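Please examine the sequence and the three-dimensional structure shown below. The paragraphs that follow lead from the overall fold to the packing of helices, and then to individual residues.

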Amino acid sequence: LEEAGFREENGDVFLASVVMGSLKLAAVGVAIVFVDRAGRRPLLFLSFSVQSAALFLFAWLSVGDSPGYLRLSAICLFVIGFSLGAGPLVYTLPSELLPLRLRGIGVGLAMFLSRLVSSITSVTYLSLTDALGPVGVFSLFGVICLGALLFSATMVPETKGTSLEDIEDAASTVGGSHEYGDPGLGRSPPDSARGPPVYIQTMMESELERSRGFGQSHDGLSIQK
């Protein structure tokens, strides 16, 4: 904010922080509404696209003596983009994609890595700014967001409308389309085309074996009589 021309002594920083916080809250609300309507992947695409555009815009505005409100607009645009997908979905996708036996430690590890990367970014920002300048730093961050966009398009599966059991069952199958999640997951077939979940199949097989055993014992009693 100080690089954008805002000063703490006259209250500009506080006002700008309130504006960014309000926009972040509104964007998270939009993400909550549309995460199950549009899906996870579209929100990630939109999120990283907006973030990269905002970062490149801020880098371009840093070249000359641009007005402070334009730089603040770029920062607010980045906050909105982050809160639309990359921010909230970091808590959603790991809990959906990881199998049950690894979900607890996996989600914890994902949160740890998220906070670790945020800390590294904060700690190294000033050093990177001194080495590359504001234009270089924000251009670098923009390129990283483009890389995250490419990763989301090629590697992140879509889990909208799919139960955790079906996701775990499909994760063991190689092949499919990105509509349901590939690589790795593949598209979830319709209910009429796929059998019951694995745990239901196990219960059905157990009941069948029990019924067979009961029938055999009953036949033996009849013969003895």
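**From fold to side chains**

Along the sequence, the protein follows the pattern α-α-α-α-α-α. It has 6 helices and 0 strands; helices (H or I, at least four residues) and strands (E, at least two) are DSSP runs, numbered from the N terminus. The model is predicted, and local features need pLDDT of at least 70, side-chain atom pairs count only at pLDDT 80 or more, while totals for chains, interfaces and linings use all residues. Residues are numbered from 1 along each chain as its sequence is written, and side-chain values use heavy atoms, with hydrogens and water left out. Of the 225 residues in the protein, 30% are buried, where buried means under 20% relative accessible area, exposed means over 50%, and partly exposed lies in between (1.4 Å probe, protein chains only).

The packing of the helices may be considered next. Helix 2 (residues 40-61) and helix 3 (residues 68-97) have axes that come within 8 Å and cross at roughly 150 degrees. Here, axes are lines fitted to C-alpha atoms, for helices over the stretch in contact, and angles run from 0 to 180 degrees between N-to-C directions. Helix 2 and helix 3 are therefore roughly antiparallel to each other; angles over 145 degrees count as roughly antiparallel, under 35 as roughly parallel, 65 to 115 as roughly perpendicular and the rest as oblique. Their crossing is left-handed, a term used if the near helix is turned anticlockwise from the far one by less than a right angle, whereas clockwise gives right-handed. The contact of helix 2 with helix 3 has 20 nonpolar, 5 polar and 3 charged residues. In this classification Ala, Val, Leu, Ile, Met, Phe, Trp, Tyr, Cys and Pro count as nonpolar, Asp, Glu, Lys and Arg as charged, and the others, Gly among them, as polar.

Helix 3 also packs against helix 4, at an angle of about 155 degrees and with the axes 9 Å apart. That makes helix 3 roughly antiparallel to helix 4. The crossing of helix 3 and helix 4 is right-handed.

Which residues touch the most other members of the largest nonpolar core? Of its 16 residues, they are Met 20, Leu 55, Phe 58, Leu 72, Tyr 125, Phe 138 and Phe 141. Helix 1 (12-34), helix 2, helix 3 and helix 4 (100-155) each supply at least two residues of this core. A second, separate core of 8 residues includes Phe 48, Ala 86, Leu 89 and Val 156. A nonpolar core is a set of buried Ala, Val, Leu, Ile, Met, Phe, Trp, Tyr and Cys residues joined through side-chain atoms within 4.5 Å.

Charged side chains complete the picture. A salt bridge is a side-chain nitrogen of Lys or Arg within 4 Å of a carboxyl oxygen of Asp or Glu, and by this rule the count comes to 2. Arg 40 is buried, with a relative accessible area of 6%, whereas Asp 36 counts as exposed at 51% relative accessibility. Arg 40 also forms a salt bridge with Glu 96 (2.5 Å, N to O). This pair links distant parts of the chain, with Glu 96 in helix 3 and Arg 40 in helix 2, 56 residues apart. Both Glu 96 and Arg 40 are buried. Through shared partners, salt bridges join Asp 36, Arg 40 and Glu 96 into one network.
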